[in-house]
Amino acid sequence: MSGARQIFTRPARLAVIAPYLWMALFFLVPFGFVVKISLSQSAIAQPPYTPVFDLAAGWDALMAAFAALSLDNFRLLISDNLYVLSYLRSLVVAAVSTAILLLIGYPIAYAMARLPRRWQPLAMMLVIVPFWTSFLIRIYAWINILQHDGLLNKTLLALHLISAPLVWLSTDTAMYIGIVYSYLPFMVLPLYATLAKLPPSLGEAAADLGASPRGAFWLVTFPLSLPGIGAGVLLCFIPIVGEFVIPDLLAGSNSQMIGQTLWLEFFTNRDWPVASAIAVVLLGVLLLPLLIYERVQRRQLEGGR
């Protein structure tokens with residue numbers, strides 16, 4: 001029995017350790033290099049920063065390299081309005097986009113969950129179908145739709161809703177349209193997964209107790225769907241903060257999001273240390289909603305007990 005137990009427990013231990021090894025090798029180690037570069041100084045060299053750790057140079061050279069690291073790049077991010085405004089704009093755009101996605105995605109997910117069982121897979125497939133097309137192709141399609149003589153202006157003119165073509169492209173409106181279109185499935189799917197698990201008997205019980213359909217929704221359905229709302233909000237908010245392609249192709253150039261600023265520092269200015277510092281701060285900012293969500297989930301589990 002002991003030999004058989006060891007046979008079964010060893011794979012179980014390996015299965016538990018494997019995700020931590022994966023995270024350490026493919027996240028923590030690369031992130032450690034990014035942190036090191038963010039503490040370095042820009043240089044016209046290859047690689048374009050100093051100091052460079054050289055293990056073959058000996059212990060003294062390694063200690064000197066550690067001593068040369070500084071927080072100057074992080075001080076620059078705080079003192080320069082370009083970076084501060086880029087972070088703030090990214091957070092505002094992500095918050096507004098996530099709110100719009102929730103307002104649009106919740107009714108869609110609710111309707112999908114209330115469909116007959118045989119129609120729900122078809123509804124889910126219709127939500128997932130856009131993923132089958134390349135992301136860039138979909139964004140370029142929106143460029144054609146929103147341009148001066150595009151499909152949107154032609155439709156509005158044909159319906160006599162406008163007298164002259166409107167400017168859609170290279171505006172924040174176009175950016176929000178592209179973001180909402182691209183991230184809508186990330187909001188709908190977790191909401192649908194949560195709402196589909198709620199038994200219809202809960203609404204019937206609330207109605208038997210005298211609650212109106214609207215009251216039953218706000219008192220029963222909506223509170224029970226909060227885990228799905230939290231998951232959908234995180235799945236949309238976090239990647240939107242660092243979004244680069246959609247703002248770069250659809251939005252104007254008056255104010256940049258932090259993803260565009262990072263790309264500019266890395267590829268145009270060739271300032272790897274500042275770009276790495278931007279990435280480190282961005283990760284720290286995005287960890288905050290994850291920690292809040294995790295703490296709320298833990299409190300709910302403790303309260304349920």
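Reader: In which hand does helix 4 pass helix 11?

Author: A crossing counts as left-handed if the near helix is turned anticlockwise from the far one by less than a right angle, and as right-handed if clockwise. Helix 4 passes helix 11 in a right-handed crossing. Helices (H or I, at least four residues) and strands (E, at least two) are DSSP runs, numbered from the N terminus. The model is predicted, with local features needing pLDDT of at least 70 and side-chain atom pairs pLDDT 80 or more, while totals for chains, interfaces and linings use all residues. Residues are numbered from 1 along each chain as its sequence is written, and side-chain values use heavy atoms, with hydrogens and water left out.

Reader: Which quantities describe two packed helices?

Author: The angle between the axes and the distance between the axes describe such a pair. Axes are lines fitted to C-alpha atoms, for helices over the stretch in contact, and angles run from 0 to 180 degrees between N-to-C directions. Here, the axes of helix 4 (residues 81–114) and helix 11 (residues 226–241) come within 9 Å and cross at roughly 145 degrees.

Reader: Which residues make the contact of helix 4 with helix 11?

Author: Contact means heavy atoms within 4.5 Å. Helix 4 contributes residues including Leu 91, Ala 94, Leu 101 and Tyr 106; among those of helix 11 are Ile 229, Val 233 and Phe 237. For the classes, Ala, Val, Leu, Ile, Met, Phe, Trp, Tyr, Cys and Pro count as nonpolar, Asp, Glu, Lys and Arg as charged, and the others, Gly among them, as polar. By that scheme, the contact of helix 4 with helix 11 has 13 nonpolar, 3 polar and no charged residues.

Reader: At what angle do the axes of helix 8 and helix 11 cross?

Author: Angles under 35 degrees count as roughly parallel, over 145 as roughly antiparallel, 65 to 115 as roughly perpendicular and the rest as oblique. The axes of helix 8 and helix 11 come within 7 Å and cross at roughly 155 degrees. Helix 8 is therefore roughly antiparallel to helix 11. Their crossing is right-handed. Residues of helix 8 including Ile 179, Tyr 183 and Phe 186 meet residues of helix 11 including Pro 227, Gly 228 and Ile 229. The contact of helix 8 with helix 11 divides into 14 nonpolar, 3 polar and no charged residues.

Reader: How many aromatic pairs does the structure hold?

Author: Rings of Phe, Tyr and Trp (its six-membered ring) pair if their centres lie within 6.5 Å; planes under 30 degrees apart count as stacked, over 60 as edge-to-face and the rest as tilted. The structure holds 16 aromatic pairs. One of them joins Tyr 106 and Phe 217 edge-to-face, at 5.8 Å centre to centre and 90 degrees between the planes. This pair links distant parts of the chain, with Tyr 106 in helix 4 and Phe 217 in helix 10 (residues 213–224), 111 residues apart.

Reader: Are Tyr 106 and Phe 217 buried or exposed?

Author: Buried means under 20% relative accessible area, exposed over 50%, and partly exposed in between (1.4 Å probe, protein chains only). Tyr 106 is buried because its relative accessible area is 8%, and Phe 217, at 18%, is buried. Another pair is formed by Phe 131 and Phe 186, whose ring centres are 5.4 Å apart and whose planes stand at 85 degrees, so the pair is edge-to-face. Phe 131 lies in the loop between helix 5 (120–128) and helix 6 (135–146) and Phe 186 in helix 8, so the pair ties together parts that are 55 residues apart in sequence. Phe 131 is partly exposed at 36% relative accessibility, and Phe 186 is partly exposed at 31%.

Reader: Which residues do ring pairs link into a cluster?

Author: The cluster comprises Tyr 49, Phe 244, Trp 263, Phe 266, Phe 267 and Trp 272. Phe 244 also touches Gln 260, which is in contact with Pro 247 and Asp 248 as well, leaving aside neighbours within four places in sequence. Gln 260 is found in helix 13 and is buried, because its relative accessible area is 9%.
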